[in-house]
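Colleague: I would like to go through this model with you. Shall we take it question by question?

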Amino acid sequence: MASTASGQTYGQHIPDQVERIASVTDAQLELLEDVRDLHRERAALEREYAAKLQLLVKKAAEKKAKKMPALVVGNEPTKAWDEDTIRKSTLDQAYAQLLTSMSDAAQDHINLADALNGQVIDPLKATERKHEEAKKKEMQYYQKLLSDRDRAYADRIKSKQKYDEECSEVETYRQKQERSADDRHAERAAKQYEQQQIDMLNSKNAYLISIAVANKVKSKFYEEDLPALEDQFQDLQTRLLTRFVDILKNAQEVQLKHLDSVRSRLTACEAAFSAVNPAADQDLFIDHNVAPFSAPADWTFEPSPNHYDHGDMSVEPAPKVYLQNRLSKCRSKLEELEPVLTSKRKETEQLAKLVETYTANSSLGDADEVLDNYLDAHHSLTFYATSGVILTAETDTISAALGGDEGAQSPHSFKSTSFSIPATCAYCKSSIWGLSKQGKTCKACGVSVHSKCELKLPADCPGSRQSGRGHLHSDSISSLSRASSVLSHTSSTLATGQATPTPSSFAPSTHTPEESRPTARVLFDFTPTSPFELAVSAESTVHVLEEDDGSGWVKVADDSGGKGLVPASYVELLDGGQTPRSSTPSLSHQQTSQDYVRGVYAYKAQGPDEIDVEEGKLIQLTDGPNGGKNYADGWWEGIDASGKKGIFPSNYVEDA
């Protein structure tokens with residue numbers, strides 16, 4: 001007999017609650033039905049997922065068969081290959097294992113669906129049906145008990161009614177006997193009365209018997225039959241829940257076996273991918289793509305079909321001047337390039353070490369980001385090195401042709417110039433005119449030439465000789481682009497006595513040195529008549545970018561950033577200590593921001609415009625459109641702990 005954890009039973013503690021107890025059994029059966037439906041739908045989902053997974057694997061296998069040969073042996077291999085060749089690739093093996101694992105996983109899901117049907121859904125349905133029938137039998141038994149009890153109750157009531165009727169008849173016969181006492185029927189009436197009394201007493205006895213029977217039946221019903229029935233319901237519910245729990249535990253075992261199977265598939269895939277050997281696959285690709293190769297032959301001089309000539313360089317007087325000027329310019333650019341190459345090589349080597357370190361220990365940070373930085377630095381170094389090869393080749397070729405005759409060592413210091421009025425080219429003697437910088441003017445001696453005539457003019461600048469400075473560097477710092485193999489002029493001036501240009505001098509900075517920005521006051525209003533001119537108002541302040549080269553025009557910039565030409569007679573230079581009346585903050589003024597960076601590597605300043613970077617030390621970035629991180633590509637501007645402002649390589653620091 002079932003009982004609760006504390007030993008209580010339905011029959012003892014909740015008597016006469018059969019229908020309420022039966023409703024609990026109904027709720028349990030409904031729970032079984034819900035769980036059975038849950039697992040039935042789960043099994044359907046498993047089959048649907050398996051079908052979609054199999055379709056996915058099929059499509060992937062078809063793509064693999066088409067694309068894997070190109071991945072293993074290339075699109076046009078030079079050596080014959082077959083399917084066995086493709087299967088030698090460790091990547092192909094790993095991919096095949098992945099597809100096999102997914103296909104087997106699909107079958108595992110089908111097996112799981114079958115197991116759920118056979119070991120969970122069907123047993124739940126059978127248990128539900130069995131206990132539903134048992135519950136019906138118990139309820140039928142309960143109805144039979146009620147019927148037997150009610151029959152005994154009805155017999156008592158009928159006996160009582162019979163007894164009451166007999167008592168009434170006795171009274172009737174008694175009255176009839178009294179009326180016929182002197183009648184000739186008195187004897188018969190007396191006999192009838194006596195007989196009725198006997199019938200009444202018999203009814204009384206039957207009534208008393210029915211009372212005793214009803215009481216006994218009642219006692220048995222409430223003390224024995226009903227508690228036993230309730231205890232049977234309790235036992236039925238216990239068995240139902242026990243069987244329900246056993247089925248669900250079996251369902252968990254089925255799913256655990258499925259997970260073990262899936263885990264084994266994943267382990268096999270992991271092992272296959274761990275076995276991928278890029279070097280072996282690359283050897284396989286090389287073996288099937290080896291082809292004869294020879295570098296293109298060196299080019300040689302090819303004479304024009306219209307003019308016979310030889311392959312020796314011309315060193316006649318006019319061509320020699322061109323060669324001498326070009327040699328001087330190439331050497332100047334090489335001097336500027338060497339520190340950049342040295343810095344880039346050092347940067348590339350440091351980043352290469354970082355790639356190895358981050359690859360070996362992923363907890364340090366994102367190795368892919370470090371690799372991207374290394375590749376960018378290596379690409380930049382390659383372009384710089386290509387520029388160096390070009391300049392070296394030009395220098396060696398020209399030096400060999402000149403044979404030591406490098407001409408005068410007083411080159412002109414040319415700058416690009418616009419000519420609003422015609423000027424005469426010092427070389428070809430023709431006119432130079434135009435506002436789009438058609439020519440160049442020497443800042444030392446004032447001579448003007450066409451841009452195409454710059455290298456044709458002999459390097460005998462009288463201004464350079466009179467100043468006693470000897471050979472001058474080119475007055476523009478070369479700006480080297482990562483994507484370009486040639487050097488181009490900018491407008492920054494290098495003094496002869498200064499050291500070799502620093503790497504930061506190659507940054508495409510938009511800054512203008514403070515010493516090259518004299519301030520001027522506008523005397524008259526000026527309205528531009530061309531897009532090359534700038535509108536200015538009287539009494540305003542401008543900054544002179546290019547002084548009058550004899551054309552009667554100066555190039556200026558106003559405080560709002562506008563640049564253009566104005567007549568030289570419309571402006572008046574101010575003394576260094578004079579404050580303009582309508583002055584606004586100087587263009588060179590730098591405001592500091594609240595952004596800081598921390599040094600990752602130590603960097604030693606290589607020029608007066610740079611600052612040192614110390615590992616772990618903070619640098620405050622400057623503000624403005626041309627300050628801080630906006631200074632130049634690869635170079636930022638900031639203020640160190642000592643208060644010195646300067647620029648530094650951006651890849652030597654990180655955000656603080």
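Colleague: Is Asp 114 buried, exposed or partly exposed?

Modeller: This is a predicted model, where local features need pLDDT of at least 70, side-chain atom pairs count only at pLDDT 80 or more, and totals for chains, interfaces and linings use all residues. Residues are numbered from 1 along each chain as its sequence is written, and side-chain values use heavy atoms, with hydrogens and water left out. Buried means under 20% relative accessible area, exposed over 50%, and partly exposed in between (1.4 Å probe, protein chains only). Asp 114 has a relative accessible area of 38%, so the residue is partly exposed.

Colleague: Which side chain meets Asp 114 in a salt bridge?

Modeller: A salt bridge here is a side-chain nitrogen of Lys or Arg within 4 Å of a carboxyl oxygen of Asp or Glu. The contact to Asp 114 is 2.3 Å, N to O.

Colleague: Where do Lys 160 and Asp 164 lie?

Modeller: Their side chains meet in a salt bridge at 2.7 Å, N to O. Lys 160 is partly exposed at 30%, and Asp 164 is partly exposed at 34%. The two are four residues apart, about one turn, and both lie in helix H4.

Colleague: What separates Arg 174 and Glu 171 in helix H4?

Modeller: These side chains meet in a salt bridge of 2.3 Å, N to O. Arg 174 is partly exposed at 27%, and Glu 171 is partly exposed at 34%. They are three residues apart, so the separation is about one helical turn.

Colleague: Which residues are linked with Arg 265 in a network of salt bridges?

Modeller: A search of the whole structure finds 29 salt bridges. The network with Arg 265 links Asp 104 and Asp 108.

Colleague: How far apart are the end C-alpha atoms over residues 28-55?

Modeller: UniProt, in an unreviewed entry, places a "coiled-coil region" at residues 28-55. Such annotations may be inferred rather than shown by experiment. In the model, this stretch is 100% helix and 0% strand, with the end C-alpha atoms 41 Å apart.

Colleague: Which residues form the positive surface patch?

Modeller: Patches are made of residues with over 30% relative accessible area and no salt bridge, like charges being joined within 9 Å and nonpolar side chains within 5 Å. One member, Lys 63, is found in helix H2 (residues 18-73) and is exposed at 53%. The patch is formed by Lys 59, Lys 63, Lys 66 and Lys 67.

Colleague: What accessible area do Phe 285, Ile 286 and Val 290 have together?

Modeller: Phe 285 lies in helix H6 (residues 278-287) and is partly exposed at 35%. Accessible areas come from the Shrake-Rupley method with a 1.4 Å probe. Phe 285, Ile 286 and Val 290 form a nonpolar surface patch of about 280 Å².

Note on methods
Lys and Arg count as positive and Asp and Glu as negative; His and the chain ends are not counted. The place of a charge is taken as NZ of Lys, CZ of Arg, CG of Asp or CD of Glu.
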